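I opened my notebook for a first look at this structure.

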Amino acid sequence: MRRLPEPRRFRHGRLTVLHDFVPGPLTAIALLVRAGSRFDGANPGIAHMTEHMLFQGTRRLDQLALNRRAGELGGEHDADTGYEDMALHFEVFNEDLGDALGLLAEQCFDSMVPVDRFTKEKRVVIDEIRGRADDPANYLHERAWTHFYGSTLGHPVCGTIASVRRMTPAAIRRFIHRRFHPGNMVLSIVGGTRIDTVRRVLKRVFPSRGPRVPHPASHVRPRGTGMLRLRHGSSPQVHLVRFMTAPLVPRALLAASVAVEVVGADPDARLFQEVRERMGLGYELGLGVEHGRDWAVVVLSASAARADAERLHDAIDRTFTRAADGFTRAELARARKKIRYRFARLADSRMDRAIAHASREAAGHPTLAASQQAMDALATNEVEHAWRSLMRAPTLTAVLSG
């Protein structure tokens, strides 16, 4: 299997830059800002609202002109906000790299937050929040997540209807001023543009100076564990989520990820076979790992008919407990191959690779190349130990019924 290369790392003033040369006519750009929802402070959802406002007009370009210019340059001009960071991304022809980086810089450092556009985007985000609240599975996930993590990480990325209504354009401008500067950013470039060209372009279009990295957010740790029972609406379904605290040590977290693949929700995995095939319970089933700079969690989601709530809970507990007895060679081989497949997909996708490079650098995680190498070296006993550790870790199980 082809190995992912280590990106070349250099500094443009206070800005950290990662360059990964991939021959071809296109270059993917990922600009990551450590301005995710964990930095919202007293304004839950302000990071997400800021993401919206970066596309609503700058000193030079109004909203229509900005988006027309992006359309002239290329594709995938968009942004996403998570718990840790905000990622702006853009894919363009190699020769348009300078104009694309210039536009991203303009969005980050010259956005005006016009009052009329802000009022419109508040309505958009409130509609988004209402749509999520109407989904029982999302309703349960958000409330269980808040119970599990408490403050800092606990509120929804979008905020609440009340918190969004309280926001002002001035608060957005203050958030941008506090978080959006080169020392709090990582720029990842993957594609056919040579590194000397990247350096020249950055000198021309992207600021290099600014304050030092802001004070980090409060430390994240699980707060609410045990069992949480909720009621909402009149759905005939019961929904269940479980959060299991995962290790922060990179190799142990990777071993836990392999174990989750064995136990998980794919058709060949143990949980799917027990819940869906043997017992014929609900349709929704998921098991995966989420992690940030100082937190990691295995997330289970499942649903069934309300009358089958206890059977669903018992099936999950039984599957998890049996997994502590160990895994077969065939199960581990399939799990490793699935993870290798994901690395191979990253090797073929400039944009996904650029975002992955930047997010790992911003979070202080091992590079893709280092993770790929460590995964190949994992021993069976490490994977089995990782699952047993998950079973002993702080855990929250939340159940929602109508």
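Here are my entries, in the order in which I looked things up.

**Ground rules.** I am working with a predicted model, where local features need pLDDT of at least 70 and side-chain atom pairs count only at pLDDT 80 or more, while totals for chains, interfaces and linings use all residues. Residues are numbered from 1 along each chain as its sequence is written, and side-chain values use heavy atoms, with hydrogens and water left out.

**Helix 4.** I took helices (H or I, at least four residues) and strands (E, at least two) as DSSP runs, numbered from the N terminus. Helix 4 covers residues 115-133, and its 19 residues should span 27 Å at 1.5 Å a residue; the expected span is 1.5 Å times one less than the number of residues. I found its end C-alpha atoms 27 Å apart, which agrees.

Next I looked up burial (buried is under 20% relative accessible area, exposed over 50%, partly exposed in between, with a 1.4 Å probe and protein chains only). Phe118, Glu121, Lys122, Val125, Ile126 and Ile129 are buried in helix 4. Seen down the axis, these buried residues fall within an arc of 145°, so they line one face of the helix; the arc is that of the directions from the helix axis to the C-beta atoms. The face turned away from that side carries the exposed Asp116 and Arg123. I also noted what the buried residues pack against: helix 1 (46-53), helix 6 (161-166) and helix 7 (169-179).

**Rings.** I counted 10 aromatic pairs. Rings of Phe, Tyr and Trp (its six-membered ring) pair if their centres lie within 6.5 Å; planes under 30 degrees apart are stacked, over 60 edge-to-face and the rest tilted. Tyr149 and Trp295 have ring centres 6.1 Å apart and planes at 70°, so I logged them as edge-to-face. Tyr149 is in helix 5 and Trp295 in the loop between strand 9 and strand 10, so this pair ties together parts 146 residues apart in sequence. Both Tyr149 and Trp295 are buried. I also saw that ring pairs link Tyr83, Trp145, Phe148, Tyr149, Phe243 and Trp295 into a cluster.

**Ser111.** Where is Ser111 found? I located Ser111 in the loop between helix 3 (97-110) and helix 4. Ser111 counts as buried because its relative accessibility is 14%. A polar atom of its side chain lies 2.5 Å from the backbone oxygen of Gln107.

Key
Contact = heavy atoms within 4.5 Å. Polar contact = N/O pair within 3.5 Å; in protein donor to acceptor, adjacent residues only side chain to side chain.
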